[in-house]
Amino acid sequence: MSNNQSGESGTLSAVALGPFALTALVYVATVRADLLGHPWPGTAEAGLPSLLLAHLSAYIVTVVASYVTLIPYSRLNRSIYGPTGSRSIREWLALASVVASQGLAIVIQHSTYAEMLRTFALFRTPNWAVGVTLAIPVWYIARMRTVSVLRMTQAFFYLQILALPVLFLPLGEWRVSNLVGLLGRPSLAVLPALPPVLHLYFGAPALLLLDNKASVTVARRLIPAALALVALVLVLITVFVPGVLGRELLAIEAYPGMKYFQTTRIPNVERNDLVILFAFANVAISASAVLGHGIALALGAVGLGKEAAAVAVAILVAASTFIPMIPGGSQLYFVASAIALIVTNVFLLIIPKARTHE
Amino acid sequence: MTPSARAAVTHDDGGLTPSLDENLEVIRKAFQGVEELTIRPFTTQRGREGALVFVSGLQDRDQLAFHVIAPLVEEAAITGEVPENHLARVSMAGTLAEVMDALLAGQAVGLADEWPVAVLYAADRRPDRAVASTDREQGIVGPREAFIESLETNIALVRSRLRTARLKTRTLAVGTSVPVDVTILYIDGRASATLLSEVEARVRRFKVSHVDNVSVLSEALDQSKWSPFPQSIVTERPDVVAMNLLEGCVAIFSESSPCALVAPITFIRLFHSAEDYYLRPALATAVRLLRVIAFVLTTTAVPAYVAVVSYHYEMIPLRVLVATAQNRAGVPFTPLAEALLIDVGVELLREAGVRLPRPLGQTLSVAAALVIGQAILSSHLVSPALLVAVGFTSLASFSIPDYNMFLALRLIRFPITILAGVISSLGIAVAWTVIFAHLCDLEPLGQPYLAPMAPPDFRQWKYEFIRAPRSRAGEDSR
């Protein structure tokens, strides 16, 4: 990828990407609002062990994709196409990977979150109003300098970690008996559970593709630890929610995450699920903004204009809120997800090595 | 001669001539229409013709009579041989430009026939007020003195607190039309050379007609000119300046300005008060926490009311909901219109209270709050619950120590309220996300605004978020 990311636009290598900054970046970009709307199909169909296995698989795939470089793609390309051709291929592959994986993560998150808003709170608000409200902050943040985006992830990381104990509030209703039916399911029926779980791990590691200089290479080694924190939160939710709701509710609830928070009581607040839902606006916007910033950087790096890319990301966010209203949108969603899974995980394996040999 | 005086030269820059008449003629022409220009001719004991020129009103009359005019007549001073007991500060000038500048600066100028040199007598006395207690940044404990409109006095007030030769100054002339002396104060070894050169460069580059007050220069230092959030502190307390200088900041003073500009600052510093350092650490920490709560209340209480009452009344417990519904019965406005109406009213009241003479302003504020508040309630224009929320919010905002921050928070409350009224609590969450992102993007003079939170410097947290005991902090204690 071209080296025109320096200076004001910022690069990951140009800023201090220490362990804390990397953890915050990975956490904020990966723990997203669609977590609340995650339909838990794996739990209902394949059982909890399958779901946990799916988490483990997703974790390993994501770590491997962002950490280990397997294919000496660059040398191969160089010998076939020459330096200019191979460089061009690298750039476009990186671009395709980043835009596909991060773009789809944005689409998945905002389509789910907007649908939840419509279902639980904003019954009469026009869809475009919700879309624009979510798109403007994403545009604003996506066009900021990389160093500012990293600082923002750190600031939001504190808030999200401080809010994490809320996750434990409904545990008073947690029953082992609720898990019994789910534990009995075959643990090897992992395939149905894998795609939705992999969706949850889309995100930040792809951002590191944009820059392969020393500090980012060092930071990449810390990704397993950073992702472990994300995985911990996701696994906790995966275990807590079925334990509180039970198999029957899981099968019929469209948004088990929201139902989970409805089971608890906060003094003087009647609908604490709404508090959680609106608090997740911050989660949704910050995650999309980080992912959108990655897309803006990627497009900016191949000369397509960072500002224009930020606008494109904002439009993507606004457009995502309409997806659940399209007839057959869910099929479209799963096809797109499958494509993104292939694009992300294949290209993630290729690009880092290609960049290393530059 | 001061840099501003030198820069103010707009007339002929040639040297003095030996002819007294010619020199006086040039001065008269330059000062045409300035009625205070006084020319006192005299003849020395040796019979040489001379004149003392000054702009009346800017001198100490006693000094002028006894320590300028008397030696002049003896001709000792005119040759530069000043008696040892001479109190006036004396310097020589060889050009008319220097003479003009000295006159504008309030000095008296001695000229003599057949003598191409002028003697400048610093017998100037500005009509300064005495150092008084601060009005704007009051506290219960701690020093009370405040800066005045004299640059020299203000620097002396800081220097009397920081008795070290490492306290350095750099003076510049700022202003394209009427230059004013601006002094940058810093502690050598504490303020980084990069920071100092950046501040100096920005102040030099700043093109403004005239620096009326030092706060004008904050525009030169700000990274984001349109941001509502202050990126420097304007203070009138010498102890605040001294503390910040010790922490590596620079302070900027300007002539005729009763306050100093301190930079760079961080967001959390705007919630610190000088009094924090004079209170017991536990108490100071609690007060700081209270200010953060006030910050949240100021910006969120009214928008939250609007969002909940307009969209999510199911979030309110039943008993409170019934009371709220009863309160709102008969109110003709939507919660958003109701909130904006009362918020704008409170802002008008606050602004009027500031502009009016103090006794009248206080009386009017109290009377208006009681009378208008009661009338609004009686006429059912707004609900009592909203009035309580607005009152509470106003009270909370007054606990923010920095005036610019106080105004910023009151200002950003309006767009948040409108967003809450239009798109419910989602608007509040979105607004806060944008505000946080904006704060992360601010980097006044290269220092991240949200430091030490983002980027994190956990060692500083005990000084910035809480007030750790000074003895633990070592030499650089706050």
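Buried area is the accessible area, taken with a 1.4 Å probe, that two parts lose on being put together, summed over both. The views below come from a predicted model.

View 1. Three residues, Arg151(A), Tyr158(A) and Phe278(A), supply 24% of the area that chain A buries against chain B, which is more than any other three residues. The contact is built from 33 residues of chain A and 29 residues of chain B.

**View 2. Polar and charged pairs across the interface.** Between chain A and chain B there are four salt bridges, and eight residue pairs are in polar contact across the interface, with both residues of each pair at pLDDT 80 or more. Arg151(A) forms a salt bridge with Glu443(B), in which the closest N and O atoms are 2.3 Å apart.

**View 3. The side of chain A that touches chain B.** Helices H4 (73-120), H5 (127-142), H6 (146-163) and H12 (272-301) of chain A each supply at least two residues of this side, and the largest share, eight residues, comes from H6(A). Sorted by type, the residues of this side of chain A divide into 23 nonpolar, six polar and four charged.

View 4. Arg32(A) sits in the loop between helix H1 (19-30) and helix H2 (41-46) of chain A. Arg32(A) counts as buried because its relative accessible area is 1%, and the cut-off for buried is under 20%. Leaving aside residues up to four places away in sequence, Arg32(A) touches several residues, including Gln109(A), His199(A), Phe202(A), Phe280(A) and Leu291(A).

Conventions:
Residues are numbered from 1 along each chain as its sequence is written. Chains are lettered from A and ligands numbered from 1 in the order in which they are written. This is a predicted model: local features need pLDDT of at least 70, side-chain atom pairs count only at pLDDT 80 or more; totals for chains, interfaces and linings use all residues. Side-chain values use heavy atoms; hydrogens and water are left out. Contact means heavy atoms within 4.5 Å. A salt bridge is a side-chain nitrogen of Lys or Arg within 4 Å of a carboxyl oxygen of Asp or Glu. A polar contact is a pair of N or O atoms within 3.5 Å; within protein, one must be able to donate a hydrogen and the other to accept it, and residues adjacent in sequence count only if both atoms are side-chain atoms. Helices (H or I, at least four residues) and strands (E, at least two) are DSSP runs, numbered from the N terminus. Ala, Val, Leu, Ile, Met, Phe, Trp, Tyr, Cys and Pro count as nonpolar, Asp, Glu, Lys and Arg as charged, and the others, Gly among them, as polar. Buried means under 20% relative accessible area, exposed over 50%, partly exposed in between (1.4 Å probe, protein chains only).
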